Amino acid sequence: MKNRIVLLGLASLILVCFIAAGGYLYFRAFSPDRGKYPVRGIDVSHHQGQIDWRRVASDDVAFAVIKATEGGDHVDDAFSTNLREARAAGLAVGAYHFFTFCRPGADQAKNFISVVPHDQPLLPPVVDIEFGGNCPQRPTPEQLNAELAAFLAPVEAAFGKPAIVYLTDEAEQAYAGRIPARPLWLRSLLLQPDRGDWVYWQYHNRGRVDGIDGDVDLNVLQGGPAVLATLSAASPGSISPEAK
């Protein structure tokens, strides 16, 4: 009887291990249908360390959205290098700002505008709204709406195109439909978003790409190469007088 119990326990343990291993492999290998979403991209910051962008570009990556700023005065120290080298490798590139809840939106807009170049084609500016790593205070939808509007107006005027709003699952539940209407970048790990009005879908937060040591966020664009080209085209409003 004891031997039977031991054997059943071992069999159960082996089964659990197989299920866990299968789930892990599925998680690592998950990728949306390439026929439906042929354009792949990543988003990065200094956390990815030194990146070999030519190897990245050779690993089925067409675009990169790079962290530029956070709050009213923080600048990501890898932004300029990443932007320059990703562009040189042939990727469509853009910049994002991590929006904090404890600084006025207007101050944050000044920070972003002062750091991101205006004299080159870029993907639409992105404002990242999430709770993780943010200030402990949680603004009401009305408060966030006002501060986000104060950020968006000068940023969109500076770059000449509508911004994209990035929302994590939690932020979407709290604020979706209560903030200024903009194209969306949705985070939905391993599951297709349950809404269709998005531009980017972040489907993995621990992906692997050649040229980057460690994990990186993986994304797809809704649309093909022509959509990417349209998004990254320079807007007349985004070119500084000195560049004309």
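Ala, Val, Leu, Ile, Met, Phe, Trp, Tyr, Cys and Pro count as nonpolar, Asp, Glu, Lys and Arg as charged, and the others, Gly among them, as polar. By this division, the lining of the largest pocket holds seven nonpolar, eight polar and nine charged residues. The structure is a predicted model, in which local features need pLDDT of at least 70, side-chain atom pairs count only at pLDDT 80 or more, and totals for chains, interfaces and linings use all residues. Residues are numbered from 1 along each chain as its sequence is written, and side-chain values use heavy atoms, with hydrogens and water left out.

The largest pocket has a volume of about 550 Å³. A pocket is found on a 1 Å grid over the protein atoms alone, as an open set of points where a 1.4 Å probe fits, with protein on both sides within 12 Å along at least five of seven lines. Lining residues have an atom within 4 Å of a point. Grid points are joined across faces, edges and corners, and the volume is the space filled by probe spheres set on the points. The lining numbers 24 residues. Asp 43, Tyr 96, Asp 128, Glu 130 and Asp 217 lie nearest the pocket centre. At least two lining residues come from each of strand 1 (40–44), strand 2, strand 4, strand 7 (184–187), strand 8 (198–207) and strand 9 (216–221). Helices (H or I, at least four residues) and strands (E, at least two) are DSSP runs, numbered from the N terminus.

Strand 4 spans residues 92–98. Seven of its seven residues are buried, so the strand is largely enclosed by the rest of the structure. Buried means under 20% relative accessible area, exposed over 50%, and partly exposed in between, with a 1.4 Å probe and protein chains only. Ala 92, Gly 94, Tyr 96 and Phe 98 point one way from strand 4. Val 93, Ala 95 and His 97 point the other way.

Strand 4 has pairing partners in strand 2 and strand 5. Two strands pair if DSSP finds at least two bridges between them. Strand 2 (residues 63–70) runs parallel to strand 4, and seven bridges join them. Glu 70 has Phe 98 of strand 4 as its bridge partner. Strand 5 (residues 126–129) also pairs with strand 4 in the parallel sense, over three bridges. Here Tyr 96 stands opposite Val 126, and His 97 opposite Val 127. Strand 4, helix 4 (residues 105–115) and strand 5 form a right-handed β-α-β unit. A crossover is right-handed if, with the strands pointing away from the viewer, the path from the first strand over the helix to the second runs clockwise.

In strand 5, Val 126 and Asp 128 point one way and Val 127 and Ile 129 the other, and all are buried. Strand 6 (residues 164–167) runs parallel to strand 5, with four bridges between them. Val 127 is bridged to Val 165 in strand 6. The chain passes from strand 5 through helix 5 to strand 6 in a right-handed β-α-β crossover.

Strand 9 is mostly covered, with six of its six residues buried. Val 216, Leu 218 and Val 220 point one way, and Asp 217, Asn 219 and Leu 221 the other. Strand 9 pairs with strand 1 in the antiparallel sense over four bridges. Asp 43 has Asp 217 as its bridge partner in strand 9; both residues are among those nearest the pocket centre. Strand 8 also runs antiparallel to strand 9, joined by five bridges. Tyr 200 stands opposite Leu 221.

The structure holds one disulfide (a pair of cysteine sulfur atoms within 2.5 Å). The bond joins Cys 102 to Cys 135, with an S to S distance of 1.9 Å. The pair links distant parts of the chain, 33 residues apart. Cys 102 lies in the loop between strand 4 and helix 4, and Cys 135 in the loop between strand 5 and helix 5 (141–159). Cys 102 is partly exposed, at 43% relative accessible area, whereas Cys 135 is buried, at 10%.

Helix 5 contains Pro 154, which is partly exposed at 31% relative accessibility. Pro 154 and Phe 112 are 42 residues apart in sequence and 10.0 Å apart in space, C-alpha to C-alpha.

Most residues other than glycine have a negative phi. Asp 60 has a positive phi, near 60°. Asp 60 is found in the loop between helix 2 (53–57) and strand 2 and is partly exposed, at 38%. Leu 190 has a positive phi of about 70° and sits in the loop between strand 7 and strand 8.
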